[in-house]
Amino acid sequence: MKKSNLVAGLDIGTAKISACLGSFDRNDKISIINAHSVCSKGIKNGVVINIKELTDSIDGLIKQLEEKSKSKISSVYANITGHHIKTNMAKGRINISAKDNEITRLDVNRVIDMATNTYIPFERYILHIFPLSFIIDEQLDIKSPVGMFGKKLEAELHIITALASCVQNIAKSIRASGIEIAELIFSGFATANAVLSEHEKDLGVVLVDIGAGTTEIVVFWENNIRFTEVILVGGDCITEAISKELKISFEYAELIKRRFGCANPRKLNNDERFVIKDGRWQKGITRRYLSEIIEPTLNDMISQIKSKIDKVQILKRVTFGVVFTGGTSLMDDFLEVSEDILGMPVRLGMVKDVISNIQNINSPDYLTSIGLVKYGLLKKHKKIQTISLNFFDKIKFKWKEFIEEYF
Ligand SMILES: Nc1ncnc2c1ncn2[C@@H]1O[C@H](COP(=O)(O)OP(=O)(O)OP(=O)(O)O)[C@@H](O)[C@H]1O
Ligand SMILES: [Mg+2]
């Protein structure tokens with residue numbers, strides 16, 4: 001396999017940082033050939049809190065992955081998330097100037113330019129532009145307007161933006177480890193790429209990634225992203241509740257949560273006991289008691305997710321319900337409890353359309369970075385239908401090139 005065909009994805013999370021390497025194999029299938037993950041440092045809830053620590057973790061991770069795969073990694077498709085990520089619906093409308101009224105790529109650029117200028121404040125970085133539809137005169141739902149005729153062209157776009165300073169801090173941390181950024185991708189979009197099928201995205205599905213510090217919600221129908229939101233809840237909230245109630249360190253609470261945690265205390269009796277120790281003391285705890293500590297925080301998280309989903313009024317549009325990813329969704333009985341609260345079908349996300357010999361390929365450690373690799377490979381081979389920016393470029397000009405590629 002030619003090493004130049006390899007694409008690397010880097011997932012910078014609150015709990016772990018992971019990276020994957022992949023390429024297209026001989027049969028044109030996406031193959032994930034290596035993956036590695038280390039504990040995260042220097043980042044919390046998607047926001048860099050210590051550039052040096054984050055750079056060192058990325059540096060260590062990439063070196064280990066390079067060693068494992070005997071390949072040099074010079075650039076990565078990396079994720080970005082956090083409360084600062086915003087989603088905007090934007091509309092633009094222009095008159096077609098050509099005498100014969102034939103719409104050109106330039107017109108499409110102009111209408112998108114107008115929409116972004118009107119709706120996106122200058123200090124925000126545009127991560128992704130998803131064209132939802134174009135309208136030519138009164139004809140709705142046009143997908144590809146170039147070459148068609150009309151007097152007026154309107155565009156309806158879904159745009160995902162990030163706060164400039166957050167983007168700069170992430171970028172500086174990655175680049176300081178000697179790695180270039182091929183592109184920064186919104187985390188939820190990357191994870192969706194890994195686990196959702198085209199069929200699900202067409203008939204409607206919600207991806208919910210509950211990590212340690214952030215939860216991404218991404219809604220699709222008719223093969224388009226319709227809504228995205230990042231909320232500041234995750235497994236850390238549960239660990240904090242356990243640590244406070246049992247008066248133990250965060251690290252110890254994390255350990256017992258992963259080992260004994262359960263989302264539904266009513267499923268447990270008082271027989272299952274374990275012992276917690278802290279130097280001078282030790283005490284017996286039932287799993288049921290631990291679960292009673294977990295339940296209110298977890299239920300509150302799922303209710304917050306529900307209220308965001310309800311806001312989009314999607315029930316009739318989302319045939320496939322909610323697909324969960326992220327470490328928190330691994331807790332015992334998590335799916336049953338969330339199905340009850342959300343009132344829609346739920347399942348755990350597994351990688352789609354990827355081949356790999358890696359044993360724990362469906363671990364939440366890797367799903368986002370696999371999504372990044374998939375995105376990178378599809379983009380490199382021009383098989384992807386999105387318009388996105390390389391944030392290093394001058395925004396106003398660079399995205400036009402992508403639009404031209406696309407249309
Ligand atoms: N078996 C388990 N039961 C309960 N919680 C778990 C389990 N395994 C992992 N977690 C929790 O999942 C979280 C880590 O998940 P994940 O790796 O998806 O987060 P992250 O990507 O690092 O964070 P974020 O996406 O918020 O930046 C931690 O809070 C961890 O305690
Ligand atoms: Mg994550």
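Reader: Which strands does helix H3 lie across, and at what angle does H3 run to S11?

Author: Helix H3, residues 164-175, lies across S1, S6 and S11, and runs at about 140° to S11. Helix H4, residues 187-195, packs on the sheet too, touching S6 and S11. The direction of H4 makes about 85° with that of S11. By the way, keep in mind that this is a predicted model.

Reader: Okay, and how do I read the pairing of strands, say S1 and S6: parallel or antiparallel?

Author: Here's the general idea: strands of a sheet pair through backbone hydrogen bonds, and the pairing is either parallel or antiparallel. Now the case here: S1 and strand S6, residues 75-80, pair in the parallel sense, over two bridges. If you want a spot to look at, Leu-10 has Ala-78 in S6 as its bridge partner.

Reader: What is the order of the six strands in that open sheet?

Author: Read across, the order is S11-S6-S1-S2-S3-S19, and the pairing is mixed. Strand S11 (180-186) and strand S19 (354-356) stand at the edges with a single partner strand each, so one side of each has no neighbour in the sheet. On average, neighbouring strands of this sheet are turned by 30° against each other, if you ignore direction.

Reader: How many bridges do S13 and S14 pair over, and in which sense?

Author: S13 and S14 pair over seven bridges, in the antiparallel sense. To find the pair by eye, look for Glu-216, which stands opposite Val-230 in S14.

Reader: What do S15 and strand S16 form?

Author: A hairpin, with two residues between the strands. S15 and strand S16 (residues 281-286) pair in the antiparallel sense over six bridges. Lys-277 stands opposite Gln-282 in S16. In the turn, Gly-279 has a positive phi of about 60°. As for cover, strand S15 (residues 273-278) has hardly any: the count of buried residues among its six residues is zero.

Reader: How should I read a positive phi?

Author: As a rule, most residues other than glycine have a negative phi. Now for two cases that go the other way. Asn-45 isn't a glycine, but its phi is near 55°, a positive value. Look for Asn-45 in the loop between strand S4 (43-44) and strand S5 (47-48). Asn-223 isn't a glycine either, and has a positive phi of about 60°. You'll find Asn-223 in the loop between strand S13 (215-221) and strand S14 (224-231).

Reader: How many other C-beta atoms lie within 10 Å of Asn-45, and how many within 10 Å of Asn-223?

Author: For this you need the cut-offs: 20 or more such neighbours makes a residue buried, 12 or fewer makes it exposed, and partly exposed is in between. Asn-45 has 19, so it is partly exposed. Asn-223 has 13, so it is partly exposed too.

Reader: Where is Asn-5 found, and what does Asn-5 touch?

Author: Asn-5 sits in the segment before strand S1 (7-12). Leaving out residues up to four places away in sequence, Asn-5 touches Ser-23 and Phe-24. Asn-5 also shows how a chain folds back: Asn-5 and Lys-380 are 375 residues apart along the chain, yet their C-alpha atoms are separated by 9.3 Å. Asn-5 is partly exposed, because 13 other C-beta atoms lie within 10 Å.

Reader: Which residues come nearest to ligand 1?

Author: Of the 25 residues around ligand 1, Gly-13, Ala-15, Gly-211, Gly-235 and Gly-327 come nearest. The shell divides into five nonpolar, 14 polar and six charged residues. Helix H6 (235-246), helix H7 (250-260) and helix H10 (364-380) each supply at least two residues of this shell.

Note on methods:
Residues are numbered from 1 along each chain as its sequence is written. Chains are lettered from A and ligands numbered from 1 in the order in which they are written. This is a predicted model: local features need pLDDT of at least 70, side-chain atom pairs count only at pLDDT 80 or more; totals for chains, interfaces and linings use all residues. A residue is near a molecule or strand if its C-beta atom, placed from the backbone, lies within 6 Å of it. Helices (H or I, at least four residues) and strands (E, at least two) are DSSP runs, numbered from the N terminus. Ala, Val, Leu, Ile, Met, Phe, Trp, Tyr, Cys and Pro count as nonpolar, Asp, Glu, Lys and Arg as charged, and the others, Gly among them, as polar. Two strands pair if DSSP finds at least two bridges between them. Two residues are in contact if their C-beta atoms, placed from the backbone, lie within 7 Å. Axes are lines fitted to C-alpha atoms, for helices over the stretch in contact, and angles run from 0 to 180 degrees between N-to-C directions.
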